Amino acid sequence: MDDVRLAERGVDADAKVKFECRGVQVHYGEKQALKDVDADILDRTVTAFIGPSGCGKSTFLRCLNRMNDTVASARVDGRILLEGEDIYDARVDPVQLRARVGMVFQKPNPFPKSIYDNVAYGPKIHGMARNKAELDEIVERALRGAALWNEVKDRLGETGTGLSGGQQQRLCIARAVATAPEVLLMDEPCSALDPIATAQVEELIDDLRESYSVVIVTHSMQQAARVSQRTAFFHLGNLVEYGDTEQIFTNPQDPRTESYISGKIG
Amino acid sequence: MSPFWTIVAILALAALGYGLGRRRAMSLAQGNPRRLHSRPNYYGWNVALFAAVPALLLLVLWALALPLLPHGAASSRAAGILAIIIAVAGLAVAVRRTTPEFRARNAVEQMIRGLLILCSLIAIATTVGIVLSLVFESLHFFRLYPWQDFFFGTEWTPRFGGGSRLGILPLLWGTLYISFIALLVAVPVGLYAAIYMSEYATPRVRSLVKPAIEVLAGIPTIVYGLFALVTVGPLLRDWIAQPLGLGNSGSSVMTAGLVMGMMLIPFVSSLSDDIINAVPQTMRDGSLALGSTHSETIRQVVIPAALPGIVGAILLAASRAIGETMIVVMGAGAMATISGNPFEAMTTITVKIVSQLTGDNDFSSPETLVAFALGLTLFVITLGLNIFALYIVRKYREQYE
Ligand SMILES: Nc1ncnc2c1ncn2[C@@H]1O[C@H](COP(=O)(O)OP(=O)(O)OP(=O)(O)O)[C@@H](O)[C@H]1O
Ligand SMILES: [Mg+2]
C-alpha cells in the first residue's frame with residue numbers, strides 16, 4: 001500500500017464520543033447480519049467502515065439513524081447511545097433522530113424537484129428558516145459546502161434529476177448538510193463518481209470533519225486511508241478490528257484485517 | 001361439404017404435410033440432420049404452412065365475398081373443393097421443394113412474419129374502417145343539417161316529422177357535468193385507497209384489499225345502472241332533493257355521477273397504486289433520512305414523483321366516464337337540458353346515440369344520421385383525452401427508466 005497517502009491529521013486526542021454502541025445485533029428475519037458489535041464513534045472525526053461485500057457495513061450504518069426501521073424484517077438488539085441517550089428508547093422519535101443524524105446513500109437519489117427545492121426540503125420541514133432570504137442563504141451555503149454552487153447557481157430552478165451522476169451525488173450531500181445534522185452517515189458515496197468528483201467529495205468530507213462526525217462506508221482502501229482517522233473492519237457480521245486508520249493500515253492486529261487490506265480476502 | 005369439414009380436411013392435410021416434409025428431409029439427408037440447412041422440424045412446418053395458409057385464405061376471401069356471390073349450396077361446394085385442391089397442390093409443391101439445401105427456416109419465418117403483419121393490419125384496418133364510416137355518415141348528415149346549428153345549438157328536440165333542432169350543446173353539457181361529478185367521487189377516493197394500499201397496508205392486507213377493490217371493476221355497468229335506478233336515485237330524491245326543494249326526479253345528474261364515480265374507483269386506485277409503487281424506494285429513504293415523517297414523504301416526494309402518472313390515470317378514467325352509457329340511461333334520464341342543478345335529469349351524447357338509432361330507422365333523415373355526428377364528436381373527444389393521457393404516462397416512465 002505504498003501509493004496510499006495516509007491522512008496527515010491524526011485523531012484529536014480530546015475528541016468526544018458521539019455514538020456509544022454496545023452489543024449491537026441485527027437480524028433480518030431469522031438471518032443474523034450483525035453480531036455483537038461494540039464501537040465508539042468519535043465526534044469531529046471521519047470514521048471509515050471497510051470489509052468485504054455483505055459483511056454488514058450498511059446494516060450497522062443504518063442502525064445509527066434507525067433507517068432499519070423501514071425494513072419490516074429487520075430487528076435491532078443492543079444499545080446505541082447518541083451523546084448518552086439510547087436512540088432505540090421509546091421516548092426517541094426516529095424522525096427527530098434522523099434530523100440529527102443525516103445520511104447520504106450509495107446511489108444518488110435526488111427528488112424530482114428543482115435543485116433549490118431539493119436542498120431546501122429539509123430546512124423547510126424542520127422550520128429552520130424564518131423567511132425566503134434565510135432559506136436562500138442556507139441553500140447557498142449547503143451547495144457551496146458540497147462544491148456544487150458554481151455549477152448550478154444559474155439554474156437552481158431546473159430539476160435535480162437532470163444533473164449528471166456526480167452532480168446528483170453532491171446535490172444529495174448538500175441536501176443532507178442543509179439540515180445541519182450532527183453526524184453524517186455516507187454509504188459508499190463515491191461509487192457512482194468519476195475520480196474528479198470523488199476527489200471533490202473527499203475534500204468535502206475532510207471539511208465536514210470541522211463540525212460533524214462523519215461515518216463513511218467504502219470499498220476503496222485508498223479512500224479509507226485518505227479521508228478517515230479511524231477505521232473499522234467488518235467481516236461476516238463481526239466487527240473484527242477498530243482503531244486509528246494509520247494503525248489499521250500499517251500494523252493490523254488481526255490476521256483477517258491483514259489479509260483483507262493486502263487483498264487476499266474479499 | 002360444409003365449411004367446417006373443409007377446414008378439418010385442410011388441417012389434416014397440413015398435419016400430413018408436416019410428417020411428409022420432415023420425413024423427406026431426413027431421408028434426403030440420410031438420417032443426419034447436420035446435413036440439412038435447417039433443423040428437420042422446419043421442413044415439416046414449411047410443408048404444413050404451404051398446404052394450410054393459401055387454402056384457408058381462400059376460404060376467408062370466399063366468406064367475405066359471400067354477399068356478392070349467387071347464393072346456394074353449389075357455390076359453397078365449389079369453394080370447398082377449390083380450397084382442398086389448393087391445399088393438396090401447396091402440399092405437393094412444398095414437398096417437391098424439400099431438399100437438404102432448401103432454406104426451410106427462413107421460409108417458415110418469413111411466412112410467420114407475413115401472418116403477424118396481416119393480423120396487425122386487420123386491427124388497424126378495422127379502426128380506420130370505423131372512423132371512415134363515421135366520417136362518411138357524418139358528412140352525409142352535415143349536408144342535411146347545418147353544422148353551426150349542430151355544434152352551437154342549445155336545443156335538442158328531434159322530431160321525425162321534420163323541423164328538428166339538433167344542437168349538441170345540451171348533450172355535451174350533460175356528458176361533462178356527469179363525468180365531472182364522477183371524477184369528483186372517483187379521484188379522491190381512488191387516490192386515497194391507492195396511497196393506503198401502496199404506503200400503509202402490510203403485504204397481507206394489501207393482497208386482500210387490492211383484489212377486493214378490483215372486483216368492482218368486473219361488475220357489468222348495467223348492474224351499476226340498476227343500482228342507480230332502484231337505490232341511489234330514490235335515496236337522493238327522498239333525502240336530499242325533495243327536502244331541499246331542488247327537484248323531485250329520481251333520475252338526476254347526481255345519481256348517475258355518484259354511481260359512475262363508484263365504477264371508476266378501482267380504475268383510479270389500481271393504476272395509481274401501480275404508479276406509486278413504481279416510485280423507487282431510494283427516493284422515500286432519501287426523504288426519511290432527512291428527518292421527514294412518513295406522511296410528509298408521501299405528500300412532498302412520493303405523490304409529486306408519481307403525479308404525471310396519476311394524472312394519466314385520471315384522464316383515462318375521464319375518457320371512460322365520457323363514453324359510459326348504461327349508468328346514464330338508468331341514472332340520469334333522457335332529458336336534454338342545460339342546467340346547473342345537479343338534481344335535475346339530464347342526458348349525454350351516448351344515450352342520445354342509442355335513442356336516435358333505436359326504432360324505425362330511415363338512414364336518409366338527419367334525425368338518424370345525427371347519431372353518427374354525435375359518435376364522431378365523442379370519438380374525437382375521447383381519442384384526444386387518451387392520446388394526452390398516454391403522452392403524460394410515457395413522459396413519466398422516462399423519468400425512471
Ligand atoms: N433488507 C434486507 N433483508 C434481508 N437481508 C438483508 C437486507 N439487507 C441486508 N441483508 C443481509 O444482511 C447482510 C449484510 O448486508 P449489508 O447490506 O449490511 O452488507 P454490506 O457490508 O453493506 O455489503 P456491500 O458492501 O455489498 O454493500 C447480507 O448478508 C445481506 O444479505
Ligand atoms: Mg452496503
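Visitor: Which residue stands opposite Val217(A) in β8(A)?

Guide: Phe49(A) stands opposite Val217(A). Please note that this is a predicted model.

Visitor: In which sense do β3(A) and strand β8 of chain A pair, and over how many bridges?

Guide: They pair in the parallel sense, over four bridges; β8 covers residues 213–217 of chain A.

Visitor: And what about β3(A) and strand β9?

Guide: β3(A) and β9, residues 230–235 of chain A, also pair in the parallel sense over four bridges. Within β9(A), Arg230(A) is the bridge partner of Thr47(A).

Visitor: Is strand β3 of chain A largely enclosed or open?

Guide: Five of the five residues of β3 (residues 46–50) are buried, so the strand is largely enclosed by the rest of the structure.

Visitor: Which way do its side chains point?

Guide: Val46(A), Ala48(A) and Ile50(A) point one way from β3(A), while Thr47(A) and Phe49(A) point the other way. In a regular strand, side chains alternate between the two faces of the sheet.

Visitor: Changing topic: is Phe136(B) buried or exposed?

Guide: Phe136(B) has a relative accessible area of 55%; this is over 50%, so Phe136(B) counts as exposed. Phe136(B) lies in helix α4 of chain B, residues 104–144.

Visitor: What does the domain assignment of chain B give?

Guide: It gives domain 1 (3–130) and domain 2 (165–396). Taken over C-alpha atoms, the centres of domain 1 and domain 2 of chain B are separated by 48 Å.

Methods: Residues are numbered from 1 along each chain as its sequence is written. Chains are lettered from A and ligands numbered from 1 in the order in which they are written. This is a predicted model: local features need pLDDT of at least 70, side-chain atom pairs count only at pLDDT 80 or more; totals for chains, interfaces and linings use all residues. Side-chain values use heavy atoms; hydrogens and water are left out. Helices (H or I, at least four residues) and strands (E, at least two) are DSSP runs, numbered from the N terminus. Buried means under 20% relative accessible area, exposed over 50%, partly exposed in between (1.4 Å probe, protein chains only). Two strands pair if DSSP finds at least two bridges between them. Domain bounds come from an automatic or database domain assignment.
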